[in-house]
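Visitor: I would like to learn how to read salt bridges and strands in a model. Please take me through them step by step.

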Amino acid sequence: MPSSLLPTYARADLAFDHGEGAWLTATTGERYLDFGGGIAVASLGYSHPHLVAALVAQGGKLWHTSNLFQIPQAERLAARLCEASFADYAFFTNSGAEAVEGAIKTARKYQSASGHPEKFHIITFKGAFHGRTIATISAAGNPKYLEGFGPPLGGFDTVEFGDLEAVKAAIGPQTGAILVEPIQGEGGIRVAAPEFIRGLRELCDQNGLLLIFDEVQSGVGRVGKMFAYELYGIAPDIMAIAKGIGGGFPLGAFLVTREAGKGMVVGTHGTTYGGNPLATSVGNAVLDVVLAPGFLAHIAAIGAKLKQGLIGLRDAHPGVIAEIRGEGLMLGIALSVPVADFAAAARAEHILVIPAADNVARVLPPLVIGEAEVAEGLRRLDATCARFERKEAAALSEAAG
Ligand code: PLP
């Protein structure tokens, strides 16, 4: 039957009915090990009892009131996110793109409120992904996503990721901020070098610029720290988060220091749904688990084990896997075979991975996975690689369309 969904996705011919932990059960009854986590969203896996309880309890009481009133659940979530980060304020959104948009607006407003309205330019990086709104596709500057959508929003100067000299050269009288993903996700799990990130912080401090991190994919425990910026020993001024904070419920936020947020006064920004009681109740439930003693250490330890296992697969299948990269449970398998074929072959082995740029398969499992899932996942990925050695995989990908 033809689909009435606008055909902007090349969807696999696979639908899921329910899930538990890191496992999804398809409408056919077949079980899949989800090493993609709904693109780093299902941070606590599927049907986590604490999340379900929070959703059901709040769902039976009150979903939405608008931001014209006090929202105690949002107050609490904002206070906890600020307590767990560099920030003094949080603004809640419904998606990652909106969180990045809010971060961009906040940086521009800061410069304007500081007497520099001309400093609306933001330096961004090739290979970045910040969402699909006009501002966020303009920020990332990827021609594939800009093509045909008219003139991009001005004020973004895009340079090579990791090239500090190029950043220095791009700073001009109109520059007001730098926007970076510390670990590029869609770009192919490209981890920024510590010298690069520390260099960006220094350049911002020296030139009166704000440092904006896009941690929509890397934040909320994914890398074995609450936020990836902690890996670098510096802090941004503004940070966008989403994905993991809602555990599957649409929720994002941008976090900001008091100083960087000084322009965002009453009336400057808004949202109808953002931070409503239902979303922020779920966000609080996610934090109950992620901030519980030992949970971040668990992610770091299980991530190291998974990475080690993937490196073993690379050694065993050098014709299929070129490189393993990433931190915590934000890992990438750089492939020597086409990533679409690899993802299709993995599905045939009943394991899900997520294609990214740079011919990388992303491994972003729920943060709650244990040793058993790691062992099973590695076994299935080993079998996936073996399909290429038997030359079965390309045929599968063609069959899957
Ligand atoms: N920023 C990053 C780093 C992302 O990975 C994504 C989504 O993949 C976004 C922003 C956009 O988030 P959303 O799709 O929720 O708008």
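Guide: Start with a network. A salt bridge is a side-chain nitrogen of Lys or Arg within 4 Å of a carboxyl oxygen of Asp or Glu. Here, salt bridges link Arg201, Asp205 and Asp237 in a network.

Visitor: What should I know about the model before reading on?

Guide: The model is predicted: local features need pLDDT of at least 70, side-chain atom pairs count only at pLDDT 80 or more, and totals for chains, interfaces and linings use all residues. Residues are numbered from 1 along each chain as its sequence is written, and side-chain values use heavy atoms, with hydrogens and water left out.

Visitor: How many salt bridges does the rule give?

Guide: The count is 14 salt bridges. One of them pairs lysine 126 with glutamate 160; their closest N and O atoms are 3.4 Å apart. Lysine 126 sits in the loop between strand 5 (121-125) and helix 5 (134-140). Glutamate 160 sits in the loop between strand 6 (156-159) and helix 7 (164-170), and the two are 34 residues apart. Helices (H or I, at least four residues) and strands (E, at least two) are DSSP runs, numbered from the N terminus.

Visitor: What does arginine 387 pair with?

Guide: Arginine 387 forms a salt bridge with glutamate 349, with 2.7 Å between the closest N and O atoms. Arginine 387 lies in helix 12 (residues 371-389) and glutamate 349 in the loop between helix 11 (339-348) and strand 15 (351-352), so the bridge ties together parts 38 residues apart in sequence. Arginine 387 is buried, at 14%.

Visitor: Now strands. Which way do the side chains of strand 10 point?

Guide: In a regular strand the side chains alternate between the two faces of the sheet. In strand 10, Leu210, Ile212 and Asp214 point one way, Leu211 and Phe213 the other. Five of the five residues of strand 10 (residues 210-214) are buried, so the strand is largely enclosed by the rest of the structure.

Visitor: Which strands pair with strand 10?

Guide: Two strands pair if DSSP finds at least two bridges between them. Strand 7 (residues 175-180) runs parallel to strand 10, joined by four bridges. Strand 11 (residues 238-241) is also parallel to strand 10, with three bridges. Isoleucine 212 is the bridge partner of leucine 179 and stands opposite isoleucine 238 in strand 11.

Definitions and conventions: Buried means under 20% relative accessible area, exposed over 50%, partly exposed in between (1.4 Å probe, protein chains only).
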